[in-house]
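Here is a short briefing on one model. Look over the chain first, then read the notes by topic.

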Amino acid sequence: MTHDWSEHRVLVTGATGMVGSWLCEDLLRRGAAVVALVLDDDPHSRFYTDGIERGCAVVRGNLTDFSHCMRAMNAHETDVVFHLGAQTVVGAALRDPLETFESNIRGTYNLLEAARRLTPMVQALVVASSDKAYGDSNVLPYVETMPRRAVPI
């Protein structure tokens, strides 16, 4: 990333995840004002163990609650959103598929709708996905042309 981030207020969902914590750290290093929408405090997350949260405005909220998405963007006047927040633990998803659907699907469309309503303030939104959509494969790395496979129950 060579973009000048010093003029941006950036919302990161999934900040306590592996990719999210590295993204927050890099954005902070590049001068962005980072807002992290966090569901639960995970003391084992790199976001906390490395003190990344100290440089961020941490908003407690749930992607499944539209008002939390709106508040995180509107109150902090974010102009860029990186959406990494999702239920990614396969075992938890299999045990509670409804909650996984709510988090991953409703959470994404809540965030998209909040960004739409807050245009032109929100100027860019990046939605990340997962290699889990491809199922198990003996061929790595995954590429986008591979067929998507459901996880067997």
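In which loop is the place of Glu77? Glu77 sits in the loop between H3 and E4; helices (H or I, at least four residues) and strands (E, at least two) are DSSP runs, numbered from the N terminus. This is a predicted model: local features need pLDDT of at least 70, side-chain atom pairs count only at pLDDT 80 or more, and totals for chains, interfaces and linings use all residues. Residues are numbered from 1 along each chain as its sequence is written, and side-chain values use heavy atoms, with hydrogens and water left out.

**Backbone**
- Most residues other than glycine have a negative phi, and most peptide bonds are trans.
- Glu77 is not a glycine, yet has a positive phi of about 50°.
- Glu77 is exposed, at 52% relative accessible area (exposed means over 50%, buried under 20%, partly exposed in between; 1.4 Å probe, protein chains only).
- The Thr119 to Pro120 peptide bond is cis, with omega near 15°; Pro120 lies in the loop between H5 and E5.
- The Leu140 to Pro141 peptide bond is also cis, with omega near 0°; Pro141 belongs to the segment after E5.

**Helix H5**
- H5 covers residues 97-117, 21 residues in total.
- Its buried residues include Thr100, Glu102, Ser103, Gly107 and Leu111.

Notes. Expected span 1.5 Å × (residues − 1).
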